[in-house]
Amino acid sequence: MLGNLGRTGRCELSIASISVMNALYSLRKRGYPMTIVKERFNMLLLHLEVVNTGNAELRAGLNAGWPDTEDATQFHSAMSAGAIHAIVSNDTDFKPQKLVPVLTPAHAFNHVT
């Protein structure tokens, strides 16, 4: 459902640039062939708006007081993008907050067709 809305332009799907880099790093460390990973990310990025992680987002993440500054930086990158309806994270300790629901990848995947 969500994937179709993104592909047809009825909603915007975004990803923080830091999230792309973290995913590439994790997949490389797990031994996935980078040629395939890059090919798939190139296809995926055709349908996503990339949210920048700049100085303001980095500083906000560093100073948020969260135990995981990476999560805080991703959160502040999302917040700087504007109308965010959910954040997808596999971190079970992603700090709950009231502004935006945090979904697991499995939960988000079940809502994508």
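**Notebook: two helix pairs**

I started with helix α2, which passes α3 in a right-handed crossing (right-handed if the near helix is turned clockwise from the far one by less than a right angle, left-handed if anticlockwise). Helices here are DSSP runs (H or I, at least four residues), numbered from the N terminus.

Before going on, I noted that this is a predicted model, where local features need pLDDT of at least 70, side-chain atom pairs count only at pLDDT 80 or more, and totals for chains, interfaces and linings use all residues. Residues are numbered from 1 along each chain as its sequence is written, and side-chain values use heavy atoms, without hydrogens or water.

I checked confidence next: the chain averages a pLDDT of 80 (the predictor's confidence in each residue, from 0 to 100), and 81% of the residues score at least 70.

I found V20, A23, L24, L27 and R28 of α2 meeting M34, V37, F41 and L45 of α3 (contact means heavy atoms within 4.5 Å).

Then I looked at α4 and α5 (residues 69–81), which pack at about 135° with axes 8 Å apart. Their crossing is right-handed. On the α4 side I listed E57, L58, A60, G61 and L62, and on the α5 side T69, A72, T73, H76, S77 and S80.

Terms used:
Axes fitted to C-alpha atoms, helices over the stretch in contact; angles between N-to-C directions.
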